[in-house]
Amino acid sequence: MLICVSSFFFSSVSHSQITRLYSRFTSLDKGENGTLSREDFQRIPELAINPLGDRIINAFFPEGEDQVNFRGFMRTLAHFRPIEDNEKSKDQNGPEPLNSRSNKLHCKKCEPSYRSNYFSFFVLRMMVGVNISDEQLGSIADRTIQEADQDGDSAISFAEFVKVLEKVDVEQKMSIRFLH
Amino acid sequence: MNVLSFFLLRVFYSFFGIDIVHSTLWKEDSFIHAGIIQREETSMEEEIAGRHQGCFNLADVMYFSKRGCEAVAEDEVTRRFSSEELVSWNLLSRTNANLHHVSWQLSVVWVTGILIRYCLLMPFRVKCWLSNQVQMICARLGVRCVSGLIRFHNRENRPQEGGICVANHTSPLDVLILATDGCYSLVGQAHGGFLGLIQKSCMQTSRHVLFDRSEMKDRHLVRKKEHIADKAKLPILIFPEGTCINNTSVMMFKKGSFEVGGTIHPVAIKYDPRFGDAFWNSTKYSMMTYIFNLMTSWAIVCNVWYLPPMVKEEEEDAVHFANRVKAVIAARGGMSVLPWDGGLKRKKVKESFKEEQQKKYCQIVIENGSVGNGNVY
């Protein structure tokens, strides 16, 4: 039943992809209670050594919650589906698909990071660890905000953020190709 | 019995299997790797440095985000701790995660297969196994319990007395297979339950060293040293990975065995996954369930290659030597090499690895002692 609901929700994800992701979900769920906790994610070694690992894990959890169910798990991963050609010509008035360029940028991982100096500094610190001093890091964060900020409010709005990345191929960089 | 099941499977594959299984399950443009996602193998240096060495860019976050999410969907390490999924189905539903109705012919073939495996092959094997079990307890450890087709290659390189034999580990079956062709002194994890009982009875026949994973320290090393010194004893059989891996790759070899000195005799063991899944997932199946699964497979077919003996060189340290041996075994067995520790099956990864990644990123981003800013093109 869960599979039926999910396949209705994500209309262009194939049945076999959902089945495989569900079996991945259950193999991560060591407590076998149908939801994943943060510890379950941290058990993945390649994610545990990723400097932004904790932020990525947070992106899976809804605001203020400690458990994520399969729907939430799929929803977050669906952001990374590549944009297929045949989807581009779909109904223009319909709701924007999850994996559109704009939604990829909106993704929690990117959005609040650069809004202010504080968050910028925090995320940078995660990426470089202890290898750069506070002053150097502060100046990088300042410069980043200054260059992107166009309306002079010392913060980056979403529109400014999009402008900075307009030359970057976001679709390709934030796409994961699902097999079958 | 081995020949019979082998022949039966050949018959199926040739009359029904090849046409149906291949045409319906294997499309022309599918990939050899049966995974969930297509992973890109670009390294951090290629992705980030390729664009702009020496500056920080907002888009760098995307590299880490994508890698992180890829790891959530599918990662190289935890994949090795569950059974391998085959691209071409071998009519065993236990190794197919994507089971769905394809065509009635295939269903007929599958049901027939079930009848044969559960009603014909299994009862015959139980009878054989019981009598073999009695023999095994009384005599040497070289009796075959499960019908397996083992091909030994390069038998001239078989381990001699006083040497250390190392091999990749898939299940306790490895021990049995190697024991059919020689006597070994075992070093392994002490188990409880049924396997513990077998271990205890083996201790009666020859000297083995059993330890607890969590207490593996110097005393262990000392015991091995004493054993080596006594040349009259049997060669020691060690699995340096420390845990069962699913036979698709070779994971980190623990350096303990390689510090002792002495001659190392590497052995590569590769099971043919088409006939049965030999991997023991100890977190999922107990030993009894595992044996039952083995007996209801088609057969256990494996190749064992004895590789030429290797010795640690003068300037070489144990870790480097271990990696050298590991590479040789993986190359011979056709498995990939992973630097990850098999112990990650049970414990978490160390913080220091994350710090290494951070350091690596810094090295790319810092040039001439300062960080540029690459946001303006």
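User: Hi! Which strand does Phe152(B) lie in?
Analyst: In this predicted model, Phe152(B) belongs to strand S3 of chain B, which covers residues 148–153.

User: And what does Phe152(B) touch, leaving out residues up to four places away in sequence?
Analyst: Its contacts are Ile177(B), Thr180(B), Asp181(B), Val304(B) and Tyr306(B).

User: How many residues apart along the chain are Phe152(B) and Val304(B)?
Analyst: They are 152 residues apart along the chain, with their C-alpha atoms separated by 4.8 Å.

User: Switching to the two chains: how many residues of chain B are in contact with chain A?
Analyst: On the chain B side there are 55 residues, in contact with 54 residues of chain A. About 5,100 Å² is buried between the chains, with 68% of that on carbon and sulfur atoms.

User: How many salt bridges are there between chain B and chain A?
Analyst: The count is two. One of the salt bridges pairs Lys354(B) with Asp54(A), where the closest N and O atoms are 3.8 Å apart.

User: Now chain A. At what angle do the axes of helix H2 and helix H6 cross?
Analyst: Roughly 120°, and the axes of H2 (residues 15–28) and H6 (residues 70–78) of chain A come within 11 Å. H2(A) and H6(A) are therefore oblique to each other.

User: Is the crossing of H2(A) and H6(A) left-handed or right-handed?
Analyst: H2(A) passes H6(A) in a right-handed crossing.

User: Which residues meet there?
Analyst: From H2(A), Ile18(A), Leu21(A), Tyr22(A), Phe25(A) and Leu28(A) meet Phe70(A), Phe73(A), Met74(A) and Leu77(A) of H6(A). By class, this contact has nine nonpolar residues, with no polar and no charged ones.

Definitions and conventions
Residues numbered from 1 in each chain as written. Chains lettered and ligands numbered in written order. Predicted model: local features only at pLDDT ≥ 70, side-chain atom pairs only at ≥ 80, totals over all residues. Heavy atoms only, no water. Axes fitted to C-alpha atoms, helices over the stretch in contact; angles between N-to-C directions. Helix = DSSP H or I, 4+ residues; strand = E, 2+ residues; numbered from the N terminus. Parallel < 35°, antiparallel > 145°, perpendicular 65-115°, else oblique. Left-handed = near helix turned anticlockwise from the far one by under 90°. Contact = heavy atoms within 4.5 Å. Nonpolar A, V, L, I, M, F, W, Y, C, P; charged D, E, K, R; others polar. Buried area = accessible area lost by both parts, 1.4 Å probe. Salt bridge = Lys/Arg side-chain N within 4 Å of Asp/Glu carboxyl O.
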